[in-house]
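Colleague: I have a model open and want to know how it is put together. Can you take me through its packing?

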Amino acid sequence: MSQAPFLEPLHAERVRRRVREIMERHRHSAIGLIGQTEIVELDRVNRHLPVRVLAKLEGQNPSGSVKDRLALYLVADAMERGVSSDDILVEASSGNTGVSLAMLCARLGLRLIVTVADNVSVERFKIMRAFGVEVVLTPGELGTCGAIEKARELGEQPGHFWVAQHFNQVNSFAHYETTGVEIAAQIRALEINTLDAFVASTGTTGTLMGISARLKERYPELEVVSVWPVDKIMGIRRPEGEGKPTIYDERRIDRVVEVRSAEAMAMLRRIAREEGILCGISGGAAVVGALATAERRRSESGSGTVLVLLPDWGERYLSLKEFEFAAREAKR
Ligand SMILES: Cc1ncc(COP(=O)(O)O)c(C=O)c1O
């Protein structure tokens, strides 16, 4: 059997075993619901049939985002490195990882501090505080880099452990082990012979790194498309410049599609109205990338299947000014 990428084999096996133990012990709790999210077809917003566009609904995870998968592996990794319930986990997050770790730590009885830029949607730190974790706000103008610096600083204190999703290969490994495996099984169950393209937006890049590695083992011709924001889209960033995630490996990406926040919001509204799915803003951006990919596939080969990952639901963003349209329309 070929060696799994991302982690040294012994450590990979230890993390796997620890994840299995946690899942087994907590299988009737929220933790037992992590993963196994469903796939739907976006056949209304997709005007490029017969190329099909499928969407994996990661908002179905128990705390509402794809980051539940990562949180489980980050905690298992921390335990394997000797962290105990006397220690305090620390992480920087634009919101979703913080919420996922908060859910997990609540159930596991672990202490957690999350550092968050103070301009993320208020829903996110309210949810974290509801789970009982300490939230440290950092200046919004410093963005995620400011939150990362604060987490690094707190993590250096005795009894603190910085889980470092941007710099820890266990992030990509979590998706290699779970999301990528699930997608391949679901595509098979749908009796689709081959997957032609996988599209996702990037933050830490762990989602794309892990899924790309797993799916390319099964579909060597797969095109992996990374969606980057042109301006500010909450939850995602361009993997370049200051604070570039060290887990990012551009060799795992075949194409980049750049999307503006206005395009992402317009697509989010279409997906809500035409498909009945209210996804988050980065999901709207990813669908812009998926439809561009479907259009290109139709003109090049006339058919194919494109899968896009929707990381979370739109409810988590309703307080943002981008959603003022919803408040205006509600008054009518
Ligand atoms: C809403 C949202 N979408 C997409 C992503 C990107 O996922 P990844 O960090 O795996 O690249 C994130 C990451 O924080 C996110 O919060």
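This is a predicted model: local features need pLDDT of at least 70, side-chain atom pairs count only at pLDDT 80 or more; totals for chains, interfaces and linings use all residues.

Modeller: Residues are numbered from 1 along each chain as its sequence is written.

Colleague: How many helices and strands does the protein have?

Modeller: Both are DSSP runs, numbered from the N terminus: helices are H or I with at least four residues, strands are E with at least two. The protein has eleven helices and ten strands.

Colleague: What is the radius of gyration of the protein?

Modeller: The radius is taken over C-alpha atoms, and the globule rule is 2.2 Å times the number of residues to the power 0.38. For 332 residues the rule gives 20 Å, and the protein comes close to that, so it is as compact as a globular protein of that length. Its radius of gyration is 19 Å.

Colleague: What share of the residues is buried?

Modeller: Buried means that 20 or more other C-beta atoms, placed from the backbone, lie within 10 Å of the residue's own. Of the 332 residues, the buried share is 50%.

Colleague: Which residues of helix 6 are buried?

Modeller: Helix 6 spans residues 170-177, and eight of the eight are buried, so the rest of the structure largely encloses it. Its cover includes helix 1 (9-25), helix 2, helix 7 (179-189) and helix 8 (206-218). The buried residues are V170, N171, S172, F173, A174, H175, Y176 and E177.

Colleague: At what angle do helix 2 and helix 3 pack?

Modeller: Axes are lines fitted to C-alpha atoms over the stretch in contact, and angles run from 0 to 180 degrees between N-to-C directions. Helix 2 (residues 67-80) and helix 3 (residues 96-108) have axes 8 Å apart. The angle is about 55°.

Colleague: Which residues of helix 9 and helix 10 make the contact?

Modeller: The axes of helix 9 (residues 261-275) and helix 10 (residues 281-301) come within 7 Å and cross at roughly 95°. The two helices are therefore roughly perpendicular. Contact means C-beta atoms, placed from the backbone, within 7 Å. Helix 9 gives E263, A264, M265, M267, L268 and I271; helix 10 gives I281, G284, A285, V287 and V288.

Notes:
A residue is buried if 20 or more other C-beta atoms lie within 10 Å of its own, exposed if 12 or fewer, and partly exposed in between; C-beta atoms are placed from the backbone. Two residues are in contact if their C-beta atoms, placed from the backbone, lie within 7 Å. Angles under 35 degrees count as roughly parallel, over 145 as roughly antiparallel, 65 to 115 as roughly perpendicular and the rest as oblique.
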